[in-house]
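This briefing is meant for a reader meeting the structure for the first time.

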Amino acid sequence: MEGVIVGGWGYVAAAWGISLGLLLGWAVVLNVRLAAARAAAQDEGATDAG
Amino acid sequence: MDREHWLGIAGLLLLIGGSVFGLLIAPPEKYMGDVGRILYIHVPTAWNALLIATAAFVIAIGSLVKRSPKWDAALHGTLATTALLTVMLLIQGAIWAKPTWGVYWDWDPRLTTSAIMGVSFAGLLALRASLDDPERRATWTAVGTIIAYVDVPIVYMSIKWWRTLHQNFSTPETVNEMMVIPLRINAFAMLFIGIWLSVRMARLSLAERGAAVPTAPASADPLIAGRA
């Protein structure tokens, strides 16, 4: 049909891939940093208690 | 397990379901064909960027009134999520613009105000990172958020106020029901994931600040210790 965009799955894949990649990447960074911060707080607490 | 993980899991499952529906089951858009499926990730991202920015604005006022580390941490969480979602929606929009408008970018009112929003919220995160004093950091972040938020209603209304390449508001009455379903599913998915990310960032902000961290082996604050 005239005027209709044909194909374009590459653009769809790029939009989804980049979005999910950013979400996943940020989630991993956040959780790793949080685990490290909690571990550091616990170590500090154990040192102070000792 | 931190209780917000249930929201994250629900968001992830909804995102998988909404994406499968939008990519494989919903019909192609009448003129854009399959490229129109970007709608199902772009619009939920945009809605939630504006919604969480509004939450940040409310929390900023609360932070100025309450002056507590928890309010500042909550503000940090919503700011980071707003910045992330705004970057995502700008990238999605650029990818969608190329096959439909012929260019990745245009200094169109909706695009320009959205870019200003992204730069403003990312700038607030940079401002936070540059300040060592927790009191000053909390005050400047809250005031900066209130100023940055001025752009958010302008982003929303830009397609009404100016002539723009961006399409106008769609309503359930103007689109096929099969297109509304994945749109709504992914809207809730992005909302749940956005809240999850905001709470994780708030916990990290509190933990790194060291606020309310006692000298006991584990923190008594449930937000830090993960017993909330």
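The model is predicted, and the predictor gives the complex an ipTM of 0.86 and a pTM of 0.89. Chain A has 1 helix and 0 strands, whereas chain B has 8 helices and 0 strands.

**The two chains**

- Chain A consists of 50 residues, of which 18% count as buried, while in chain B, with its 228 residues, 46% count as buried.
- Read along its sequence, chain B runs α-α-α-α-α-α-α-α, and its C-alpha trace spans about 65 × 35 × 25 Å along the principal axes.
- A compact globule of 228 residues would have a radius of gyration near 17 Å, and the 19 Å of chain B agrees with this.
- Of the contacts in chain B that link residues at least 6 apart in sequence, 76% join residues at least 24 apart.

**The largest nonpolar core**

- The largest nonpolar core holds 65 residues, and those that touch the most other members are B:Ile38, B:Ala56, B:Leu75 and B:Ile193.
- At least two residues of this core come from each of α1 (9-49) of chain A and α1 (5-25), α2, α3, α4, α5, α6 and α7 (177-209) of chain B, with α7(B) supplying the largest share, 17 residues.
- In soluble globular proteins, nonpolar side chains tend to be buried together.
- B:Ile38, one of the core residues named above, is in contact with A:Tyr11, A:Val12 and A:Ala15 as well as with B:Gln92, B:Ile95 and B:Trp96, when its neighbours within four places in sequence are left aside.

- Helix α5 of chain B covers residues 134-149, and because its 16 residues should span 22 Å at 1.5 Å a residue, the 22 Å between its end C-alpha atoms agrees with expectation.
- The buried residues of α5(B) are B:Ala138, B:Thr141, B:Ala142, B:Gly144, B:Thr145, B:Ala148 and B:Tyr149, and they pack against α2 (39-66), α3 (69-101), α4 (109-130) and α6 (151-161) of chain B.
- Helix α7(B), with 33 residues, reaches 48 Å from its first C-alpha to its last, close to the 48 Å expected at 1.5 Å a residue.
- Most of α7(B) is covered, since 24 of its 33 residues are buried, and the helix is followed by B:Gly210, whose phi is positive, near 80 degrees.

**Contact between the chains**

- The contact between chain A and chain B takes 29 residues from chain A and 36 residues from chain B.
- Sorted by class, the side of chain A that touches chain B has 20 nonpolar, 6 polar and 3 charged residues.

**Confidence of the prediction**

- The average pLDDT of chain B is 90, and 92% of its residues score at least 70.
- Residues 211-222 of chain B have a pLDDT below 50, and this stretch has 27 contacts in the model beyond near neighbours in sequence.
- Residues 224-228 of chain B also stay under 50 in pLDDT, and for them the model has 17 contacts beyond four places in sequence.
- Where pLDDT is low, the predicted coordinates should not be read in detail.

Definitions and conventions
Residues are numbered from 1 along each chain as its sequence is written. Chains are lettered from A and ligands numbered from 1 in the order in which they are written. Two residues are in contact if their C-beta atoms, placed from the backbone, lie within 7 Å. Ala, Val, Leu, Ile, Met, Phe, Trp, Tyr, Cys and Pro count as nonpolar, Asp, Glu, Lys and Arg as charged, and the others, Gly among them, as polar. Helices (H or I, at least four residues) and strands (E, at least two) are DSSP runs, numbered from the N terminus. The expected span of a helix is 1.5 Å times one less than its number of residues. A residue is buried if 20 or more other C-beta atoms lie within 10 Å of its own, exposed if 12 or fewer, and partly exposed in between; C-beta atoms are placed from the backbone. A nonpolar core is a set of buried Ala, Val, Leu, Ile, Met, Phe, Trp, Tyr and Cys residues joined through C-beta atoms within 7 Å. The radius of gyration is taken over C-alpha atoms; the globule rule is 2.2 Å times the number of residues to the power 0.38. pLDDT is the predictor's confidence in each residue, from 0 to 100.
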